[in-house]
Amino acid sequence: MAIREMVLESEAETVALARGLAARAVAGDAFLLSGPLGAGKSTLARAFIRARAGDAALEVPSPSFTLVQVYELEPPVAHFDLWRLAGEADVEELGFEAALAGIVLVEWPERLGGLVPAGAVRIGLEWAEGERRVVRIEGPARVVS
């Protein structure tokens with residue numbers, strides 16, 4: 001596993017990071033997005049999905065209420081927001097295991113419990129001063145580099 005740490009100075013840098021990750025993602029990859037409210041998890045997920053779709057204007061609604069949003073891309077991309085769930089039993093009902101055949105983005109991965117996929121890319125976002133965010137990425141070198 002490789003580790004990469006960086007400071008993102010702006011939302012544009014968060015979008016650029018997401019585009020890079022999306023370009024290296026393959027079927028079977030799971031991206032676990034952790035951090036406090038407002039740290040940039042949704043911004044990163046939206047930019048990732050838009051990059052995979054090749055459509056910077058694609059509407060990418062937050063799955064906060066639907067819990068999962070699936071994009072019929074090649075491979076499919078499933079965006080999970082587990083904020084409102086109690087734990088892994090709830091996650092299983094959402095079709096999480098089946099979604100792992102494509103690319104999975106998970107906000108609030110702490111709710112996955114024992115369902116965390118081996119080899120998942122863990123992305124931690126934390127606030128720094130002003131609009132800056134500190135990001136720590138841990139995962140396979142082909143994705144993290």
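User: Buried means under 20% relative accessible area, exposed means over 50%, and partly exposed lies in between. The model is predicted. With a relative accessible area of 28%, how is E138 classed?

Analyst: The relative accessible area of E138 is 28%. The buried class ends under 20% and the exposed class begins over 50%, so a value in between has one class left. E138 is therefore partly exposed.

User: Which residue forms a salt bridge with E138?

Analyst: A salt bridge needs a side-chain nitrogen of Lys or Arg within 4 Å of a carboxyl oxygen of Asp or Glu. For E138, the closest N and O atoms of the pair are 3.0 Å apart. The partner is R136.

User: How many residues apart are E5 and R136?

Analyst: E5 sits in strand β1, residues 2-8. R136 sits in strand β7, residues 133-139. Their pair links distant parts of the chain, with a separation of 131 residues.

User: Is E5 buried or exposed?

Analyst: The relative accessibility of E5 is 55%. The exposed class starts over 50%. On that value E5 counts as exposed.

User: What is the N to O distance in the salt bridge of R132 and E9?

Analyst: R132 lies in the loop between β6 and β7, and E9 in the loop between β1 and α1. The two are 123 residues apart in the chain. Their side chains still meet in a salt bridge, with an N to O distance of 3.1 Å.

User: How many salt bridges does the structure hold?

Analyst: Among them are E5 with R136, R132 with E9, and E138 with R136. The count for the structure is four.

User: What is the geometry of the aromatic pair of W83 and W108, with 50° between the planes?

Analyst: The ring centres of W83 and W108 are 4.5 Å apart. Under 30 degrees counts as stacked and over 60 as edge-to-face, so the rest take a third name. With 50° between the planes, the W83 and W108 pair is tilted.

User: Is W108 buried or exposed?

Analyst: W83, its partner in the pair, is partly exposed at 41% relative accessibility. W108 has a relative accessibility of 11%. Under 20% means buried, so W108 counts as buried.

User: Which residues gather in a patch of negative charge on the surface?

Analyst: One of them lies in helix α3, residues 88-92: E88. E88 is partly exposed, at 33% relative accessibility. Patch members need over 30% and no salt bridge. The patch is made of E88, E92, E93 and E97.

Conventions. Residues are numbered from 1 along each chain as its sequence is written. This is a predicted model: local features need pLDDT of at least 70, side-chain atom pairs count only at pLDDT 80 or more; totals for chains, interfaces and linings use all residues. Side-chain values use heavy atoms; hydrogens and water are left out. Patches are made of residues with over 30% relative accessible area and no salt bridge: like charges are joined within 9 Å, nonpolar side chains (Val, Leu, Ile, Met, Phe, Trp, Tyr) within 5 Å. Accessible areas come from the Shrake-Rupley method with a 1.4 Å probe; for residues, only the protein chains shown count as cover. Lys and Arg count as positive and Asp and Glu as negative; His and the chain ends are not counted. The place of a charge is taken as NZ of Lys, CZ of Arg, CG of Asp or CD of Glu. Helices (H or I, at least four residues) and strands (E, at least two) are DSSP runs, numbered from the N terminus. Buried means under 20% relative accessible area, exposed over 50%, partly exposed in between (1.4 Å probe, protein chains only). Rings of Phe, Tyr and Trp (its six-membered ring) pair if their centres lie within 6.5 Å; planes under 30 degrees apart count as stacked, over 60 as edge-to-face and the rest as tilted.
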